[in-house]
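Dear colleague,

Please find below the structure that I am handing over to you.

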There are 2 protein chains.
Amino acid sequence: VHALRSALPDERIVYLGDTARVPYGTRSPGTVVRYARSCAHVLLDHGVKALVVACNTVSAVALDVLRAELDLPVIGVIDPGASEAVRAADAQAAASGGPPPRVGILGTVGTVHSRAYDRAVARLSTRLEVVSEAAPLLVPLVEEGWLEGQVPELAVERYVGPLIARGARVLVLGCTHYPLLRPIIQSVAERLAGERVDVVDSALATASAISGLMDRRVIERSAPLSDSADAPAERLKLLVTDQPVGFQRRADLFLGEHTPEVQQIDLPTPA
Amino acid sequence: VHALRSALPDERIVYLGDTARVPYGTRSPGTVVRYARSCAHVLLDHGVKALVVACNTVSAVALDVLRAELDLPVIGVIDPGASEAVRAADAQAAASGGPPPRVGILGTVGTVHSRAYDRAVARLSTRLEVVSEAAPLLVPLVEEGWLEGQVPELAVERYVGPLIARGARVLVLGCTHYPLLRPIIQSVAERLAGERVDVVDSALATASAISGLMDRRVIERSAPLSDSADAPAERLKLLVTDQPVGFQRRADLFLGEHTPEVQQIDLPTPA
């Protein structure tokens with residue numbers, strides 16, 4: 001949402017956080033698809049013109065189903081993240097004159113098992129190899145606000161170590177929680193590698209992909225919002241499925257501004 | 001389930017694990033009540049004669065609602081755990097001749113915020129003081145199988161440290177996941193305290209409370225199961241709401257035997 005608002009300040013955004021059923025990263029594909037479907041229908045009922053699946057697990061597991069079932073553009077975060085990683089690996093190869101480094105994916109169990117990043121990178125480059133590591137403890141660490149010190153460092157080292165050892169010098173933050181641990185991930189990775197490691201966050205790449213779809217008129221671009229006519233609540237609607245205790249504070253932190261009031265909703269029964 | 005089967009080998013058990021929506025410990029009370037209600041109705045449809053709420057968060061938050069709404073005995077894990085803690089604290093006071101130690105509760109955010117252990121201990125003893133610490137990272141550590149080494153030790157120290165510093169010498173494992181970290185919790189607690197610390201696991205106390213209800217005929221005791229007539233699947237039914245990948249292996253580990261096949265079910269929409 002933060003990246004989208006920076007890239008596309010005139011667009012109205014409806015955000016749905018399924019806080020009553022997170023985390024999705026440990027759930028089976030069937031359950032992720034059911035949950036994704038019920039979330040998508042809530043957003044469709046709000047009259048959205050495009051759906052951004054701002055979750056790696058859902059992008060990895062349910063994007064094809066959503067695209068097949070829904071009659072609007074559905075944008076995931078995997079392809080933009082993979083493109084960015086391929087660019088970074090190619091740039092490292094060009095700079096060193098050697099072969100490209102491997103691309104390392106740090107993700108949830110669901111994302112890693114789906115091999116969605118492997119397929120996305122393979123579609124973009126035939127010479128890049130992908131290595132992956134499921135990092136189930138990083139989401140709870142971020143949720144707990146445990147972002148510095150020995151525990152997150154040791155946890156990050158346990159997950160990043162095998163990727164660096166297998167030659168990854170580009171790391172994709174394959175979960176929307178991980179950017180908050182980016183400083184530790186970058187420093188642990190570079191300490192273990194003894195050289196530069198590029199860390200890729202797919203948020204900016206995704207926002208820029210959406211802007212590109214607007215340039216190509218796949219998604220209609222909104223007319224500029226007038227500051228006087230639109231209350232902040234019209235520009236950004238925040239919906240969650242559990243009581244929004246603590247959510248508002250975290251939303252303010254993530255978005256760097258005081259966000260409109262968070263609304264709690266019920267999800268329909270998954271089909 | 002393991003404690004119940006040891007204490008009451010003739011009873012048939014239906015177990016429901018809401019694996020598609022765990023963990024409950026971070027959810028708001030309203031959501032926990034809704035989820036608990038839908039789980040209870042599935043078990044009632046299986047014709048159970050008593051309902052054991054084998055989860056501290058649900059016991060802390062939803063027990064009164066379930067008892068008010070359901071027409072059968074509903075047993076939680078908080079009261080049995082609190083009784084055991086009071087016994088241990090009184091025994092320490094008797095042995096030392098001094099005042100009783102404080103009782104420390106290690107629990108989820110939901111359990112600690114509910115103050116259910118404080119109330120349960122206060123009902124049993126007017127002289128015992130309770131101190132609590134929410135330990136949100138311990139469930140993910142157990143789920144991840146990260147049961148020894150520096151990370152769980154540092155995490156346990158972070159949560160147990162404040163309890164020991166405030167005088168707790170009896171620690172209640174206020175979440176059904178924590179017993180798997182019991183060796184670390186006990187050793188960290190005794191290292192920090194420099195003396196003996198009693199660690200209370202409510203599973204055995206709960207099973208023994210249920211056996212007591214059967215002695216007092218609040219719950220009917222079943223006739224002995226004949227070994228030949230009842231297949232293992234009749235003695236223990238395991239239901240889960242997400243795909244049972246990995247669950248069977250963990251069930252075997254927890255129960256110390258090869259368990260019957262795990263069945264995936266859908267939950268009705270919460271009322």
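I begin with one pair of residues: Leu171(A) stands opposite Val199(A), which belongs to strand E7 of chain A. The model is a predicted one, in which local features need pLDDT of at least 70, side-chain atom pairs count only at pLDDT 80 or more, and totals for chains, interfaces and linings use all residues. Residues are numbered from 1 along each chain as its sequence is written, chains are lettered from A and ligands numbered from 1 in the order in which they are written, and side-chain values use heavy atoms, with hydrogens and water left out.

The sheets

Helices (H or I, at least four residues) and strands (E, at least two) are DSSP runs, numbered from the N terminus. Two strands pair if DSSP finds at least two bridges between them. Strand E6 (residues 168–174) of chain A and E7(A) pair in the parallel sense over 4 bridges. They belong to an open sheet of 4 strands in chain A, in the order E5-E4-E6-E7, with parallel pairing. Strand E5 (130–134) and strand E7 (198–201) of chain A are at the edges with a single partner strand each, so one side of each has no neighbour in the sheet. The twist averages 25° from one strand to the next.

In chain B, 3 strands form an open sheet in the order E1-E8-E9, again with parallel pairing. E1(B) and strand E8 (residues 236–240) of chain B pair over 5 bridges, and Ile13(B) has Leu236(B) in E8(B) as its bridge partner. Helix H12 (residues 247–255) of chain B packs on this sheet and touches E1, E8 and E9 of chain B; its direction makes about 140° with that of E8(B). Here, touching or contact means heavy atoms within 4.5 Å, while axes are lines fitted to C-alpha atoms, for helices over the stretch in contact, and angles run from 0 to 180 degrees between N-to-C directions.

The interface

How many residues of chain A are in contact with chain B? There are 31, and they meet 29 residues of chain B. The two chains bury about 2300 Å² between them, 52% of it on carbon and sulfur atoms; buried area is the accessible area (1.4 Å probe) that two parts lose on being put together, summed over both. In chain A, Arg27(A), Leu137(A) and Trp146(A) lose the most area to chain B, together 23% of what that side buries.

The rule finds 2 salt bridges across this interface, a salt bridge being a side-chain nitrogen of Lys or Arg within 4 Å of a carboxyl oxygen of Asp or Glu. Arg34(A) forms a salt bridge with Asp266(B), their closest N and O atoms being 3.4 Å apart.

Other features

Over all chains, the structure holds 30 salt bridges. One of them joins Glu257(A) to Arg5(A), with the closest N and O atoms 2.8 Å apart. Glu257(A) lies in the loop between helix H12 (247–255) and strand E9 (262–264) of chain A, and Arg5(A) in helix H1 (residues 2–7) of chain A, so the pair ties together parts that are 252 residues apart in sequence.

A cis peptide bond joins Val22(A) and Pro23(A), with omega about -5°. In chain B, a cis peptide bond joins Val22(B) and Pro23(B), also with omega about -5°. Arg217(A) has a positive phi, near 60°, and is a residue other than glycine. Most residues other than glycine have a negative phi, and most peptide bonds are trans.

Yours sincerely
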